[in-house]
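Hi everyone, thanks for making time.

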Amino acid sequence: MFAKEPDDSVSVHLASQLKKIDSVEKTLHYQTGKIEWQNGLATLQIPKGFKFQNSSEAKYIIEDVWGNLKEQAPLGMVVPEKLMASIANYAFIVEYQNIGFVKDDDASKINYTDLLKEMKEDNAKVDEERKKAGISEMNLLGWATAPHYDKEKKVLYWA
């Protein structure tokens with residue numbers, strides 16, 4: 001018994017998808033190395049094995065290609081060097097929120113369990129909007145890295 005030849009419609013669909021991915025990728029301008037924002041907000045050193053996309057390209061990929069809700073444009077996006085952003089299975093979205101100064105004393109009093117609970121509740125509300133828009137839900141599971149405050153550097157880390 002011989003394997004059945006692939007249906008022509010499958011081949012045509014696959015070719016169409018590959019052509020679409022290729023056309024998206026040709027419009028992108030990846031950067032590596034040191035990324036500096038013109039307003040002096042931050043400098044980001046892109047590590048070996050990754051590449052960066054600017055704000056407008058990241059917004060295009062996140063919203064138009066991946067089909068997420070329209071939101072404020074991120075500062076950019078970092079994707080694995082060997083993957084195409086349009087089909088990457090993960091990415092780091094670079095954002096900045098001017099949410100204020102954290103005093104040393106206040107940083108040690110933050111209840112990260114309560115904060116995560118609040119974030120999950122907010123996420124559930126956003127998921128309702130995603131459902132209405134026909135977009136799949138995003139489930140917030142927990143911290144990628146436990147939040148901690150570096151008193152010496154005066155930096156609050158969380159992911």
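**A helix and its charged neighbours**

Let me begin with Glu137, which is partly exposed at a relative accessible area of 42%. Keep in mind that this is a predicted model. Glu137 forms a salt bridge with Lys131, with 3.7 Å between the closest N and O atoms. Lys131 is partly exposed too, at 43% relative accessible area.

Now to helix α4, which runs over residues 112-132. Its 21 residues reach 30 Å from first C-alpha to last, close to the 30 Å expected at 1.5 Å a residue. After the helix comes Gly134, with a positive phi near 75 degrees.

Which residues of α4 are buried? They are Tyr112, Leu116, Asp127 and Arg130. Looking down the axis of α4, the buried residues fall within an arc of 70 degrees, so they line one face of the helix. That buried set packs against α3 (104-107) and β7 (155-157). Over on the other side of α4, Lys117, Lys125 and Lys132 are exposed.

Back to the charges, then: how many salt bridges does a search of the whole structure find? Six. One of them joins the side chains of Lys70 and Asp64, at 2.9 Å from N to O. Here Lys70 is exposed, at 60%, while Asp64 is partly exposed, at 47%. Lys34 and Glu36 also pair up, at 3.6 Å from N to O, and both are exposed.

Definitions and conventions: Residues are numbered from 1 along each chain as its sequence is written. This is a predicted model: local features need pLDDT of at least 70, side-chain atom pairs count only at pLDDT 80 or more; totals for chains, interfaces and linings use all residues. Side-chain values use heavy atoms; hydrogens and water are left out. Helices (H or I, at least four residues) and strands (E, at least two) are DSSP runs, numbered from the N terminus. The expected span of a helix is 1.5 Å times one less than its number of residues. Buried means under 20% relative accessible area, exposed over 50%, partly exposed in between (1.4 Å probe, protein chains only). The arc is that of the directions from the helix axis to the C-beta atoms. Contact means heavy atoms within 4.5 Å. A salt bridge is a side-chain nitrogen of Lys or Arg within 4 Å of a carboxyl oxygen of Asp or Glu.
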